[in-house]
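Me: I am new to this structure. Could you take me through a few of its features?

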Amino acid sequence: MSFLFGRARAKTNTAELPKQAREHVLRLDGPTGTAKGDELAKTLSQIKQVLQGTHDTDASPDQLYQLVQGMIDEDLLYLLAANLYRLPFESRKDTQVIFSYIFRFRPPTAAAPKGDAPLALKYVVEKRPQVLVELCKGYNHKESATPAGTVLREVLKNQAAAAIILYDDGNEPGSSQGGEAAIDYERPQTGNGVFWLFFDWIDKSSFEVAADAFTTFRELLTKHKELVPKYLTVNFELFFNRYNTTLVQSNSYVTKRQSIKLLGEVLLDRSNYNVMTAYVDRGEHLKICMNLLRDDRKMVQYEGFHVFKVFVANPHKSVPVQKILLMNREKLLHFLSHFLEDRTDDEQFIDEREFLIKQIRNMPPTPVPPQR
């Protein structure tokens, strides 16, 4: 009678799961959309279970490889990314877990080159970059913002994935739409790619969406020390015009404050030295920064101060920057001597403020062309 207590259960055909999921996703718009949504939820739960394993069993490496390859073959990564916002809450969570596992999976074979990118991530970067673009567009909907952002930040540890997002430029030649190998790193962007949508997602979305989008945006700009400086150099005018206009001068206090802080981090990063020198050469940038010092909110003033000090401490100030500082020297000296006086416990700030006062006071009476 042991069969009465047996644990026999119907086994899921792992190889069929990606195909089933694809069919359910494609029918979400049809007359049976709701029913297919429920079926899709069950299938996604099964896929997650295979990837994670259970208390009783773990999937074999061959099963996992079969599942991952099936998802690639059925273009399921793209379909899930594009439809993430339409899924029920639990299914969005399952999809987030699935993406996380899939993008970390490496084939269990000796044929896989050591140190090579995970199978699915390599495929996406080389042949299906639209998956990453659609994950970014998850910020168009509050339902998909958090799961999409969580996956993106994990993927962005990979430099090639970051390049796909930065260099997406639609059908333009040199766009990452053709995969990493198609990128022309020397061609300036048009500003129509998915990266440029982050400015509006950060500035105009709900608080939750904006906060998550900014976190991803910050990862894009600070993670890769070779990729980003080159990108900012080639796209200097477009990037900083958009950054200053949309973010630094935003009407949102949170957006404004965190964007000024990030600007300071970017400029003071050693890998961005050439970007920093180009930025602080501009008189119009200094004017924006000086206006931040007079903002009604002290934390905006404080973050603005850390950008302002880069202009003043620069030993090779451009003539336009010198002219502005000299024209406003007396006002600046008086203003800075009383600037954020209540920060009495912040010794570093006090020292930096005194240093700037000294630098401005000791400037020659007329601009001197910088010697670089």
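**A helix and its salt bridges**

Me: At which residue does α17 bend?
Reply: This is a predicted model. In it, α17 bends by about 25°. The bend falls at His 306.

Me: How far apart are the end C-alpha atoms of helix α17?
Reply: Helix α17 covers residues 298-313, which makes 16 residues. At 1.5 Å a residue, the helix should span 22 Å. The model agrees with that, because the end C-alpha atoms are apart by 22 Å.

Me: How many of the 16 residues of α17 are buried?
Reply: Buried means under 20% relative accessible area. α17 is mostly covered. Its count of buried residues is 13.

Me: Lys 298 forms a salt bridge with which residue?
Reply: Lys 298 lies in helix α17. Its partner sits in the loop between α19 and α20, so the pair ties together parts that are 44 residues apart in sequence. The closest N and O atoms are 2.9 Å apart. The partner is Asp 342.

Me: Is Lys 298 buried, partly exposed or exposed?
Reply: Under 20% would be buried and over 50% would be exposed. Lys 298 has 48% relative accessibility, so it falls in between. Asp 342 has a relative accessible area of 48% and is partly exposed. Lys 298 counts as partly exposed.

Me: Is Asp 345 buried or exposed?
Reply: Asp 345 is found in the loop between α19 (329-337) and α20 (347-361). The cut-off for exposed is over 50%. Asp 345 has 75% relative accessibility, so it counts as exposed.

Me: How far apart in space are Asp 345 and Asn 328?
Reply: In sequence, Asp 345 and Asn 328 are 17 residues apart. In space, C-alpha to C-alpha, the distance is 29 Å.

Me: Which residue meets Arg 343 in a salt bridge?
Reply: Arg 343 is partly exposed, at 25% relative accessibility. Its side chain meets its partner at 3.1 Å, N to O. That partner is Asp 346.

Me: Which residue meets Lys 230 in a salt bridge?
Reply: The N to O distance is 3.0 Å, and the partner is Glu 186. Lys 230 lies in helix α12 and Glu 186 in the loop between α9 and α10, so the pair ties together parts that are 44 residues apart in sequence. Lys 230 is partly exposed at 37%.

Me: How many salt bridges does a search of the whole structure find?
Reply: Some salt bridges form a network, which links Glu 237, Arg 282 and Glu 284. The search of the whole structure gives a total of 21.

Key. Residues numbered from 1 in each chain as written. Predicted model: local features only at pLDDT ≥ 70, side-chain atom pairs only at ≥ 80, totals over all residues. Heavy atoms only, no water. Helix = DSSP H or I, 4+ residues; strand = E, 2+ residues; numbered from the N terminus. Expected span 1.5 Å × (residues − 1). Bend = angle between axes of the 7 residues up to and from the residue. Buried < 20%, exposed > 50% of the residue type's maximum accessible area, 1.4 Å probe, protein only. Salt bridge = Lys/Arg side-chain N within 4 Å of Asp/Glu carboxyl O.
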